[in-house]
Amino acid sequence: MKKQRMQLIILLAVLAVLAAAIPGIRYYKEKQAEKDAEAARAGQESKVLIDVAYEDVVKFSYDYEGNQYAFEKTEDTWQAAGDQTGSIREYSIKNILSGVTPLSVQQTIENVTDFSQYGLNEPERTIAFETANASYVVYVGDHNSLTGTYYVSLPSETRVYVVEQTVITRFNQTYEDVTETEETEE
């Protein structure tokens, strides 16, 4: 009987120690998860490559589906370059340019010698934009469907940058997509 009582006391003591340890283990796991999440955010934080504000852009062009599209701003009004007749929707232009003003990159690949592995030896697309003080050209390479990103580069650099897919897909617009249309009454 004494032996059973001693075993019961030992089991209760072990149970009490385990019950007391559970909150400590939970606290440790929560702190570890927070550290892991913070490390992941730090690894995915983007770096600003071209720090330009939308308001500073006075001209831009890009190619899409084999066509070249160009826009310029005169007196705070956007127009298709060479065509002063169409009325361009300001919010459409702002949406397009929001990917590159500023241009943030997720990753930088240094010392690239073979641009063909990123589709940049003959870029699929070119995006160009100007401010009153500077001009920028961004070459667009391959789309990485696994990560949902694009490879881009700047002229005369040996770096390739990884950008979010939406940076590039915002430029999937034709003149008709950004021009206000007048509805006719029947």
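1. Tyr-151 faces Val-162 of β10 across the strand pairing. The strands concerned are β9 (residues 149-153) and β10, which pair in the antiparallel sense over four bridges. Strands are DSSP runs of E of at least two residues, helices are runs of H or I of at least four residues, and both are numbered from the N terminus. Two strands count as paired if DSSP finds at least two bridges between them.

2. On the basis of the model: it is predicted, so to speak of local features requires pLDDT of at least 70, side-chain atom pairs count only at pLDDT 80 or more, and totals for chains, interfaces and linings use all residues. Residues are numbered from 1 along each chain as its sequence is written, and side-chain values use heavy atoms, with hydrogens and water left out.

3. β9 and β10 form a hairpin with six residues between them. Ser-156, in the turn, has a positive phi of about 60 degrees. β10 is also joined to strand β6 (residues 107-109) by three bridges, again antiparallel; in β6's pairing with β10, Thr-108 stands opposite Tyr-161.

4. Four of the five residues of β10 (residues 160-164) are buried, so the strand is largely enclosed by the rest of the structure. Buried means under 20% relative accessible area, exposed means over 50%, and partly exposed lies in between (1.4 Å probe, protein chains only).

5. In helix α2 (residues 90-97), the buried residues are Ser-92, Ile-93, Ile-96 and Leu-97. They fall within an arc of 125 degrees seen down the axis, so they line one face of the helix; the arc is that of the directions from the helix axis to the C-beta atoms. These residues pack against β2 (57-64), β3 (67-74), β4 (77-80) and α4 (175-178).

6. Val-100 lies in the loop between α2 and β5 (103-105). Its relative accessible area is 1%, so Val-100 is buried. Neighbours within four places in sequence aside, Val-100 is in contact (heavy atoms within 4.5 Å) with Ile-50, Phe-129, Val-167 and Phe-171.

7. Met-6, Ile-9, Ile-10, Val-14 and Leu-18 make a nonpolar surface patch of about 480 Å². Val-14 is in helix α1 (residues 2-44) and counts as partly exposed, at 45% relative accessibility.

Terms used. Patch = residues over 30% accessible without salt bridge, like charges linked within 9 Å, V, L, I, M, F, W, Y side chains within 5 Å. Areas by Shrake-Rupley, 256 points an atom, 1.4 Å probe, with all protein chains shown as cover. Salt bridge = Lys/Arg side-chain N within 4 Å of Asp/Glu carboxyl O.
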